[in-house]
Structure formats: C-alpha cells, structure tokens
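The sequence and structure come first, followed by a question and grouped points.

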Amino acid sequence: MRSLVFGGTGMLGQAVVAEARSRGWAALGLSRAQADIADVAHCERLLGWADSFHPELVVNCAAFTKVDACETERTQAFAVNGEAVAHAAAVAARAAAPFVHVSTDYVFDGTAGVPYGEDAPTAPLSVYGRSKLAGESHALAYDRSLVVRTSWLFGPGGPNFVATMVDLIEAGRVPLRVVRDQEGCPTYAPFLARALLDLAQGGVTGIVHYRNREPVSWYAFAAEIARLWSGAVEVVPVATAEFPRPAPRPAYSVLDVRRFERSAGRPVEPWEWGLVETLAHLRRLRQDRELRKGRRG
Ligand SMILES: NC(=O)c1ccc[n+]([C@@H]2O[C@H](COP(=O)([O-])OP(=O)(O)OC[C@H]3O[C@@H](n4cnc5c(N)ncnc54)[C@H](OP(=O)(O)O)[C@@H]3O)[C@@H](O)[C@H]2O)c1
C-alpha cells in the first residue's frame, strides 16, 4: 500500500513510516519543510504529492502539539490542527485514497469518570483541544476518512514524558514531583502506528479510539519509569493545582477502545511493553553519546 505520511519526521510520523516499510509498503514520510500542510499558498504543490506519488493511503501525523503554546498561538494552532487537515484530506481525495488523521483525548473535558466512547459529547478545555476538534470535522468531511483519537503518546523519536523523566533523573533533579490527580492511558507510538495501518487496511472509517492499557496517573507512570530506569529514585505525588500551566488538562481522559478491539480483532497492548522498549532505546542513545565523547576525549 503506497503510503504518504504528513508530519513524517515527528514521533508518530516516524513510527508510521517504519511500520509501513516493515510491511513491505512504499512509504514516504514528509517533513514540514517538504510539505507544510498549513501553507495555503502551496496547496497546489501539496496536491502535487498525490499526482507524483500516487498514494493508496494518506496519513496525517502533522500537528502543532505544544499544548501550552497553543493558548497564546491560537491562530497557528487552528491553522495547523484545524484548517490544514482539510488540505491534507484533499491530497487523499485527489488520489481517491483513504485518509487517516490522528486526534486526541483533549477533545473531552475529563469529567466523565467512565471511559469516553467515540460518540461521547466533546467539550475541549484548551485551545489545543478545540483546534484538534476542528481538524476532526475537516477530516470527516471526506467520506474515506478515519479519525483515530489517542492519548499520552510516548516512544522513540520525539520529546515526550518518558524522555523528560529520564532527563530529569540523569540531571539529578530528584525527587521527581509529578501530578497524581490526572488519569489517562499512555500509548506507545509504534503500537499506535500498527493500529492506524491495521484499521486503514481493514477499510475502517469514522472515529475510532486507540490507547494502551491500563489507566494510570502521571505520578504512577513516572514511578514506573523511575523504577525501571534506576530503581532508587524517589517520586513525589503532587496536585495539579500545585503545577499551574497555561492550558488546562482533563483530569480523566481514558478512551473506550472497544470499537478498535472489535475492528482489529485483538486487545490493545499494555503500555509497559512500549515503556521497556523506549527505555532501552534511551539507554542506547546515552551509551552512543558516551562512546562518542570518549573517542573525542
Ligand atoms: N504527543 C501526544 O501526547 C499526543 C497525544 C494525543 C494525540 N496526539 C496527536 O498525535 C499526532 C502525532 O503527535 P506527535 O507526538 O508525533 O507529534 P510531534 O512529534 O510534535 O510531530 C508533529 C509533526 O508535525 C510536523 N508539523 C507541524 N506543523 C506542520 C505543518 N504545518 N505542516 C507539516 N508538518 C507539520 C512537525 O514538524 P516540525 O517538527 O518541523 O514542526 C512534526 O514533525 C498529532 O496529531 C497529535 O495531535 C499526540
């Protein structure tokens, strides 16, 4: 399946390209410099990717993902996470290919207390969430679109919570102080990539929720990261109110994945599997860095 991936240099984009290639598919991951989906002036050039690459699948992993920055850069947030999704979908439509778009648990307000189904009412708390919700509408205007909402992404190839915790530990900024009153589900980017391509291959359209299991607080997730990384690091639970941030986060953002499990015919994976792989990757990076430093010294 010839696959075109917008945002192909981001954390998820790289995982999607790798997953597609591991299936023997031709996959082209485009950086923002190669294909800026928010640049209206270059829409024709964007459509040119459909004419030159002839994709059988278009996946949009491009997004403005700095949740707090979105609060002050509202125009940019809506341009990239909202309107630009229509441009990406237009490339798929031009090629008559299915379009897969990635959205977020932040379209919900986090007050439900039970896992959010695909039809649950949306009520984003932040500009990021509102801009992603706008993007969903643009995607779904094309009848061959699949919108996959996910949460708490981590993995190799991008800044994320796991890498941040490891950096703090290595910098000696311990004990770690981490919020205990936000609950969600970490999701390993390579597992999500596999899910996206399985769903696309199965011809699924509409909205589907995907995340890994089981729900945890950021505190419990950090405690597991610290335990696996170095055993002896203290992690202190704190309240969200002690960590005021520009964008409010949902307190509870567990997505109901039954539609995914029915469609894919398998359960979602435990996040612990992805955490072990991510930490091994971060250890290798650090060892390589040390080796290079040693050679120079
Ligand atoms: N990270 C999470 O915790 C999380 C949770 C739920 C949902 N999601 C969603 O999952 C998807 C992938 O997230 P991620 O964590 O992989 O994000 P990421 O690592 O920040 O990657 C996003 C990519 O989009 C590119 N991009 C930004 N603006 C663009 C534009 N105008 N045109 C083309 N490319 C552009 C970025 O390029 P530059 O680096 O050059 O700017 C980057 O390569 C996003 O839709 C995000 O909203 C993420």
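Which residue in E13 is the bridge partner of Glu183? Tyr252 is that partner.

This is a predicted model, in which local features need pLDDT of at least 70, side-chain atom pairs count only at pLDDT 80 or more, and totals for chains, interfaces and linings use all residues. Residues are numbered from 1 along each chain as its sequence is written, and side-chain values use heavy atoms, with hydrogens and water left out.

**Sheet**
- Strands (DSSP runs of E, at least two residues, numbered from the N terminus) pair if DSSP finds at least two bridges between them.
- An open sheet of 3 strands has the order E11-E8-E13, with mixed pairing.
- Because strand E11 (216-217) and strand E13 (252-253) are at the edges with a single partner strand each, one side of each has no neighbour in the sheet.
- Strand E8 (residues 183-184) pairs with E13 in the parallel sense over 2 bridges.

**Ligand contacts**
- A ligand oxygen atom lies 2.7 Å from a side-chain N or O atom of Thr65, and a ligand oxygen atom is 2.7 Å from a side-chain N or O atom of Tyr128.
- For Leu12, a backbone N or O atom is 2.8 Å from an oxygen atom of the ligand.
- The protein buries 81% of the 900 Å² that the ligand exposes when taken alone (Shrake-Rupley method, 1.4 Å probe).

**Ligand shell**

How values were computed. Helices (H or I, at least four residues) and strands (E, at least two) are DSSP runs, numbered from the N terminus. A polar contact is a pair of N or O atoms within 3.5 Å; within protein, one must be able to donate a hydrogen and the other to accept it, and residues adjacent in sequence count only if both atoms are side-chain atoms.
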